[in-house]
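Subject: Structure handover

Hi,

Here is the structure for your files. My notes on it follow below.

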Amino acid sequence: MQGIRNFNYPHFDEVASALRLGGWRVENPVEIGNRFGTAKQIAADRDLLAKVIEAELEAVSKCDAIYLLLGWHRSPGAKAELAIAIKNGAQVILEGGTHEIRP
């Protein structure tokens with residue numbers, strides 16, 4: 001999310017809301033990060049960022065599916081989340097397409 005205007009938070013929140021309306025239980029990385037501080041605080045503190053990443057990866061490890069936003073392939077965090085999802089046999093859904101990645 002670094003390097004994207006407003007850390008792409010508005011889009012994450014928009015997609016999370018839409019998925020919830022569709023009946024999904026959502027673990028939104030923005031909401032996870034908000035438990036630790038603001039985006040600027042997290043970006044400025046490596047130890048805090050590490051805690052946020054650990055919490056996000058832990059959440060992904062408990063999910064049945066992962067929804068990757070457009071541009072996910074440019075995000076080290078999204079790639080780590082994808083690796084965990086695949087390892088755990090979770091469904092992988094790509095924004096903007098009907099393709100799924102399966103182990």
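Helices (H or I, at least four residues) and strands (E, at least two) are DSSP runs, numbered from the N terminus. This is a predicted model: local features need pLDDT of at least 70, side-chain atom pairs count only at pLDDT 80 or more, and totals for chains, interfaces and linings use all residues. Residues are numbered from 1 along each chain as its sequence is written, and side-chain values use heavy atoms, with hydrogens and water left out.

Helix 4 covers residues 46–61. Its buried residues (under 20% relative accessible area, 1.4 Å probe, protein chains only) are Leu48, Val52, Glu56, Ala59 and Val60. The face turned away carries Arg46, Asp47, Lys51 and Glu54, which are exposed (over 50%; partly exposed is in between).

Now Glu81, in helix 5 (residues 76–87). Glu81 is buried yet has no salt bridge (a side-chain nitrogen of Lys or Arg within 4 Å of a carboxyl oxygen of Asp or Glu). The nearest side chain of opposite charge, Arg35, is 12 Å away. Lys and Arg count as positive, Asp and Glu as negative; His and the chain ends are not counted. Leaving out residues up to four places away in sequence, Glu81 touches Glu56, Leu57, Val60 and Ile66 (contact means heavy atoms within 4.5 Å).

In helix 1, the buried residues are Tyr9, Phe12, Val15 and Ala16. They pack against helix 2 (29–34), helix 3 (39–44) and strand 1 (65–68).

Best wishes

Definitions and conventions:
The expected span of a helix is 1.5 Å times one less than its number of residues.
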